[in-house]
Amino acid sequence: MIQKVAIYIRVSTLDQARNGYSLAAQRKTLEDYATLHGYEVVHVYADEGISGKDISHRPAVREMLEEIKEGGIDIILVWALSRLTRSVADLYKILELLQRHNVSLVSHTEAFNTTTPMGRAMIGFLGIFAQMEREITAERVRTAMAERAAQGKRTAHEVLGYDLDGADGLKINEAEAERVRYIFDRYLKYHNLSAVAELCRLKGYTGKRGRTFRAEHIKTILTRPIYIGYNSYCGQLFQGSHPPIIDNPTWDRVQRLIKQPKRIGHPNKKEET
(Lines give C-alpha, C1' and ligand atoms only; values in the text may rest on other atoms or scores of the structure.)
Protein backbone atom coordinates (compact mmCIF):
# COMPACT_ATOMS: atom_id res chain seq x y z
CA MET A 1 0.00 0.00 0.00
CA ILE A 2 1.41 3.38 -1.03
CA GLN A 3 1.86 5.75 1.90
CA LYS A 4 0.53 9.28 1.54
CA VAL A 5 2.94 12.06 2.48
CA ALA A 6 2.46 15.69 3.39
CA ILE A 7 5.56 17.83 2.94
CA TYR A 8 6.13 20.79 5.27
CA ILE A 9 8.68 23.44 4.33
CA ARG A 10 9.58 26.72 5.98
CA VAL A 11 12.19 29.39 5.51
CA SER A 12 12.81 32.76 7.09
CA THR A 13 14.54 35.60 5.24
CA LEU A 14 17.63 35.11 7.41
CA ASP A 15 17.70 31.36 6.76
CA GLN A 16 17.49 31.90 3.03
CA ALA A 17 20.21 34.55 2.99
CA ARG A 18 22.63 32.54 5.14
CA ASN A 19 22.09 29.01 3.96
CA GLY A 20 20.58 29.25 0.52
CA TYR A 21 17.94 26.56 1.06
CA SER A 22 14.93 28.29 -0.38
CA LEU A 23 11.41 26.91 -0.31
CA ALA A 24 11.86 25.70 -3.88
CA ALA A 25 15.09 23.87 -2.98
CA GLN A 26 13.51 22.21 0.06
CA ARG A 27 10.44 21.20 -1.93
CA LYS A 28 12.43 19.60 -4.76
CA THR A 29 14.67 17.67 -2.36
CA LEU A 30 11.74 16.35 -0.34
CA GLU A 31 9.70 15.45 -3.41
CA ASP A 32 12.71 13.52 -4.75
CA TYR A 33 13.04 11.77 -1.37
CA ALA A 34 9.35 10.81 -1.46
CA THR A 35 9.67 9.43 -5.01
CA LEU A 36 12.76 7.42 -4.04
CA HIS A 37 10.89 5.79 -1.15
CA GLY A 38 7.71 5.15 -3.09
CA TYR A 39 5.60 7.72 -1.24
CA GLU A 40 2.72 9.66 -2.76
CA VAL A 41 2.89 13.40 -2.03
CA VAL A 42 -0.67 14.59 -1.37
CA HIS A 43 0.03 18.09 -0.07
CA VAL A 44 2.86 20.59 0.33
CA TYR A 45 2.55 23.10 3.20
CA ALA A 46 4.82 26.14 3.12
CA ASP A 47 5.46 29.01 5.54
CA GLU A 48 7.69 31.70 4.08
CA GLY A 49 9.56 34.36 6.01
CA ILE A 50 8.25 33.20 9.41
CA SER A 51 10.29 32.31 12.50
CA GLY A 52 10.26 28.76 13.80
CA LYS A 53 10.14 29.87 17.44
CA ASP A 54 6.58 28.57 17.83
CA ILE A 55 3.70 27.32 15.69
CA SER A 56 1.01 29.79 16.76
CA HIS A 57 1.87 32.38 14.07
CA ARG A 58 2.39 29.98 11.16
CA PRO A 59 -0.78 29.37 9.14
CA ALA A 60 0.56 26.52 7.00
CA VAL A 61 1.70 24.34 9.88
CA ARG A 62 -1.57 24.95 11.73
CA GLU A 63 -3.54 24.01 8.59
CA MET A 64 -1.47 20.84 8.28
CA LEU A 65 -2.12 19.84 11.89
CA GLU A 66 -5.86 20.35 11.43
CA GLU A 67 -5.93 18.24 8.27
CA ILE A 68 -4.01 15.47 10.03
CA LYS A 69 -7.02 15.09 12.32
CA GLU A 70 -9.24 14.49 9.28
CA GLY A 71 -7.14 11.55 8.04
CA GLY A 72 -5.63 10.79 4.65
CA ILE A 73 -2.00 11.47 5.67
CA ASP A 74 0.44 8.74 6.70
CA ILE A 75 3.74 10.65 6.95
CA ILE A 76 4.90 14.22 7.53
CA LEU A 77 8.17 14.87 5.70
CA VAL A 78 10.39 17.82 6.64
CA TRP A 79 13.85 19.04 5.65
CA ALA A 80 14.87 19.23 9.32
CA LEU A 81 13.06 19.29 12.67
CA SER A 82 14.00 22.96 13.02
CA ARG A 83 11.86 23.66 9.93
CA LEU A 84 8.84 22.29 11.77
CA THR A 85 9.56 24.08 15.06
CA ARG A 86 12.45 25.21 17.21
CA SER A 87 10.44 24.65 20.40
CA VAL A 88 10.94 21.28 22.07
CA ALA A 89 7.58 21.65 23.81
CA ASP A 90 5.81 22.35 20.51
CA LEU A 91 7.57 19.43 18.85
CA TYR A 92 6.43 17.08 21.58
CA LYS A 93 2.81 18.29 21.24
CA ILE A 94 2.98 17.72 17.50
CA LEU A 95 4.36 14.22 18.03
CA GLU A 96 1.54 13.44 20.46
CA LEU A 97 -0.97 14.56 17.81
CA LEU A 98 0.73 12.45 15.16
CA GLN A 99 0.70 9.40 17.41
CA ARG A 100 -3.02 9.76 18.07
CA HIS A 101 -3.70 9.74 14.33
CA ASN A 102 -1.08 7.11 13.36
CA VAL A 103 0.99 9.58 11.37
CA SER A 104 4.80 9.29 11.23
CA LEU A 105 7.35 12.11 11.10
CA VAL A 106 10.43 11.91 8.91
CA SER A 107 13.30 14.42 8.81
CA HIS A 108 15.33 14.27 5.59
CA THR A 109 18.60 15.62 7.06
CA GLU A 110 18.48 13.98 10.51
CA ALA A 111 18.23 10.51 11.99
CA PHE A 112 14.65 11.12 12.99
CA ASN A 113 12.11 8.77 11.54
CA THR A 114 9.15 7.62 13.63
CA THR A 115 8.41 4.86 11.13
CA THR A 116 11.30 2.99 12.82
CA PRO A 117 11.61 1.65 16.42
CA MET A 118 14.66 3.87 17.09
CA GLY A 119 12.81 6.93 15.84
CA ARG A 120 9.83 6.20 18.06
CA ALA A 121 12.15 5.76 21.04
CA MET A 122 13.34 9.32 20.55
CA ILE A 123 9.86 10.56 21.46
CA GLY A 124 10.57 9.52 25.05
CA PHE A 125 13.73 11.62 25.16
CA LEU A 126 11.88 14.59 23.70
CA GLY A 127 9.27 14.17 26.42
CA ILE A 128 11.95 14.49 29.09
CA PHE A 129 13.28 17.71 27.57
CA ALA A 130 9.76 19.08 27.07
CA GLN A 131 8.96 18.45 30.74
CA MET A 132 12.19 20.15 31.79
CA GLU A 133 11.34 23.16 29.61
CA ARG A 134 7.88 23.41 31.19
CA GLU A 135 9.31 23.21 34.71
CA ILE A 136 11.93 25.87 34.00
CA THR A 137 9.26 28.15 32.54
CA ALA A 138 6.99 27.59 35.56
CA GLU A 139 9.87 28.39 37.94
CA ARG A 140 10.58 31.63 36.08
CA VAL A 141 6.91 32.60 36.32
CA ARG A 142 6.85 31.87 40.06
CA THR A 143 9.98 33.93 40.61
CA ALA A 144 8.61 36.84 38.58
CA MET A 145 5.28 36.77 40.43
CA ALA A 146 6.99 36.67 43.83
CA GLU A 147 9.08 39.69 42.82
CA ARG A 148 5.94 41.54 41.71
CA ALA A 149 4.30 40.81 45.05
CA ALA A 150 7.37 41.97 46.99
CA GLN A 151 7.21 45.28 45.08
CA GLY A 152 3.57 45.80 46.07
CA LYS A 153 2.27 45.03 42.58
CA ARG A 154 -0.97 43.13 42.11
CA THR A 155 -0.92 39.35 41.90
CA ALA A 156 -4.63 39.00 41.04
CA HIS A 157 -6.09 39.56 37.59
CA GLU A 158 -9.67 39.89 38.78
CA VAL A 159 -11.13 40.43 42.24
CA LEU A 160 -14.49 41.66 43.50
CA GLY A 161 -14.24 45.22 44.81
CA TYR A 162 -11.39 46.32 42.57
CA ASP A 163 -10.69 47.22 38.95
CA LEU A 164 -7.29 46.95 37.30
CA ASP A 165 -5.25 50.15 37.47
CA GLY A 166 -2.59 50.02 34.78
CA ALA A 167 -0.28 47.04 34.48
CA ASP A 168 0.49 46.68 38.17
CA GLY A 169 -2.15 48.29 40.36
CA LEU A 170 -5.72 48.02 41.61
CA LYS A 171 -8.28 50.74 42.27
CA ILE A 172 -11.48 50.45 44.26
CA ASN A 173 -14.70 49.81 42.37
CA GLU A 174 -17.15 51.49 44.76
CA ALA A 175 -20.24 49.55 43.67
CA GLU A 176 -18.46 46.25 44.19
CA ALA A 177 -16.71 47.40 47.36
CA GLU A 178 -20.18 47.98 48.84
CA ARG A 179 -20.89 44.26 48.35
CA VAL A 180 -17.62 43.30 50.04
CA ARG A 181 -18.32 45.53 53.06
CA TYR A 182 -21.85 44.15 53.27
CA ILE A 183 -20.54 40.59 53.31
CA PHE A 184 -18.12 41.34 56.15
CA ASP A 185 -20.79 43.23 58.11
CA ARG A 186 -23.45 40.52 57.74
CA TYR A 187 -21.02 37.76 58.68
CA LEU A 188 -20.11 39.60 61.87
CA LYS A 189 -23.81 39.75 62.69
CA TYR A 190 -24.90 36.20 61.80
CA HIS A 191 -21.67 34.15 61.85
CA ASN A 192 -23.12 32.01 59.07
CA LEU A 193 -21.74 31.72 55.54
CA SER A 194 -24.92 30.29 54.01
CA ALA A 195 -27.01 33.03 55.62
CA VAL A 196 -24.77 35.74 54.16
CA ALA A 197 -24.96 34.10 50.72
CA GLU A 198 -28.76 34.10 50.96
CA LEU A 199 -28.82 37.76 51.97
CA CYS A 200 -26.65 38.65 48.98
CA ARG A 201 -29.06 36.79 46.74
CA LEU A 202 -32.02 38.69 48.18
CA LYS A 203 -30.27 42.00 47.56
CA GLY A 204 -29.32 41.00 44.02
CA TYR A 205 -25.60 41.04 44.81
CA THR A 206 -23.41 38.84 42.61
CA GLY A 207 -19.73 38.14 42.15
CA LYS A 208 -17.37 39.86 39.72
CA ARG A 209 -18.67 37.82 36.79
CA GLY A 210 -22.32 37.93 37.79
CA ARG A 211 -22.30 34.59 39.58
CA THR A 212 -24.72 33.99 42.46
CA PHE A 213 -22.95 33.74 45.80
CA ARG A 214 -22.71 30.42 47.62
CA ALA A 215 -21.27 29.77 51.07
CA GLU A 216 -17.83 28.85 49.70
CA HIS A 217 -17.69 32.11 47.73
CA ILE A 218 -18.49 34.07 50.87
CA LYS A 219 -15.70 32.32 52.77
CA THR A 220 -13.21 33.09 50.00
CA ILE A 221 -14.06 36.79 50.16
CA LEU A 222 -13.87 36.86 53.94
CA THR A 223 -10.39 35.33 53.97
CA ARG A 224 -8.74 37.33 51.16
CA PRO A 225 -6.08 39.63 52.66
CA ILE A 226 -6.27 41.78 49.52
CA TYR A 227 -9.19 43.57 51.22
CA ILE A 228 -6.90 44.94 53.94
CA GLY A 229 -4.21 46.02 51.48
CA TYR A 230 -2.09 42.90 51.14
CA ASN A 231 -1.22 40.71 48.18
CA SER A 232 -0.72 36.99 48.66
CA TYR A 233 1.42 34.64 46.63
CA CYS A 234 2.36 31.03 47.37
CA GLY A 235 1.18 31.36 50.96
CA GLN A 236 3.12 34.55 51.66
CA LEU A 237 1.71 38.02 52.32
CA PHE A 238 3.15 41.20 50.84
CA GLN A 239 2.11 44.78 51.50
CA GLY A 240 0.28 45.96 48.40
CA SER A 241 0.15 49.40 46.85
CA HIS A 242 -3.66 49.31 46.52
CA PRO A 243 -6.09 50.90 49.01
CA PRO A 244 -7.88 48.60 51.49
CA ILE A 245 -11.64 48.10 51.53
CA ILE A 246 -11.87 46.58 55.01
CA ASP A 247 -10.24 47.98 58.17
CA ASN A 248 -7.93 45.80 60.26
CA PRO A 249 -10.18 45.45 63.36
CA THR A 250 -13.06 44.19 61.19
CA TRP A 251 -10.71 41.79 59.41
CA ASP A 252 -9.30 40.42 62.67
CA ARG A 253 -12.77 39.82 64.14
CA VAL A 254 -13.90 37.97 61.04
CA GLN A 255 -10.78 35.76 60.96
CA ARG A 256 -11.33 34.73 64.58
CA LEU A 257 -14.94 33.80 63.79
CA ILE A 258 -13.98 31.90 60.63
CA LYS A 259 -11.59 29.73 62.63
CA GLN A 260 -14.23 28.97 65.25
CA PRO A 261 -17.54 29.31 63.43
CA LYS A 262 -20.62 29.60 65.54
CA ARG A 263 -24.13 29.81 64.20
CA ILE A 264 -25.93 32.55 66.14
CA GLY A 265 -29.02 32.78 63.99
CA HIS A 266 -30.49 33.06 60.54
CA PRO A 267 -31.78 36.43 59.38
CA ASN A 268 -35.37 37.16 58.70
CA LYS A 269 -35.64 37.72 54.94
CA LYS A 270 -37.88 40.73 55.39
CA GLU A 271 -35.31 42.30 57.70
CA GLU A 272 -32.70 42.52 54.98
CA THR A 273 -34.78 43.42 51.92
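Modeller: Let's start with H217, which touches R211 and T212 once residues up to four places away in sequence are set aside; contact here means heavy atoms within 4.5 Å. Before going on: this is a predicted model, where local features need pLDDT of at least 70 and side-chain atom pairs count only at pLDDT 80 or more, while totals for chains, interfaces and linings use all residues. Residues are numbered from 1 along each chain as its sequence is written, and side-chain values use heavy atoms, with hydrogens and water left out.

H217 belongs to helix α9. Helices are DSSP runs of H or I with at least four residues, strands are runs of E with at least two, and both are numbered from the N terminus. With a relative accessible area of 13%, H217 is buried; that label means under 20%, exposed means over 50%, and partly exposed lies in between, using a 1.4 Å probe and protein chains only.

Helix α9 spans residues 215-222, and its buried residues are H217, I218, I221 and L222. Looking down the axis of α9, you'd see them fall within an arc of 135°, so they line one face of the helix. That arc is taken from the directions running from the helix axis to the C-beta atoms. What does this buried set pack against? Its partners are α7, α8 (193-203) and α10.

Take α8 next. Its axis comes within 8 Å of the axis of α9, and the two cross at roughly 100°. Axes are lines fitted to C-alpha atoms, for helices over the stretch in contact, and angles run from 0 to 180 degrees between N-to-C directions. On the α8 side the contact is made by L193, S194, V196, A197 and C200, and on the α9 side by A215, I218, K219 and L222. Sorted by class, they come out as 7 nonpolar, 1 polar and 1 charged. Nonpolar covers Ala, Val, Leu, Ile, Met, Phe, Trp, Tyr, Cys and Pro, charged covers Asp, Glu, Lys and Arg, and the others, Gly among them, count as polar.

Now for the other two partners, which pack on each other as well. Helix α7 (residues 174-190) meets helix α10 (residues 248-259) at an angle of about 50°, with their axes 10 Å apart. That makes α7 oblique to α10. From α7 come F184, Y187 and L188, while α10 supplies T250, W251, R253, V254, L257 and I258. The class tally for α7 with α10 is 7 nonpolar, 1 polar and 1 charged.

One more residue on α10 brings us back: Q255. It counts as buried, at 15% relative accessibility. Which residues does Q255 touch, leaving aside neighbours within four places in sequence? They are L222 and T223. Q255 and T223 are 32 residues apart along the chain, yet their C-alpha atoms are separated by 7.0 Å.

Zooming out, the chain has 11 helices and 9 strands. Of its 273 residues, 43% count as buried.

Key. Angles under 35 degrees count as roughly parallel, over 145 as roughly antiparallel, 65 to 115 as roughly perpendicular and the rest as oblique.
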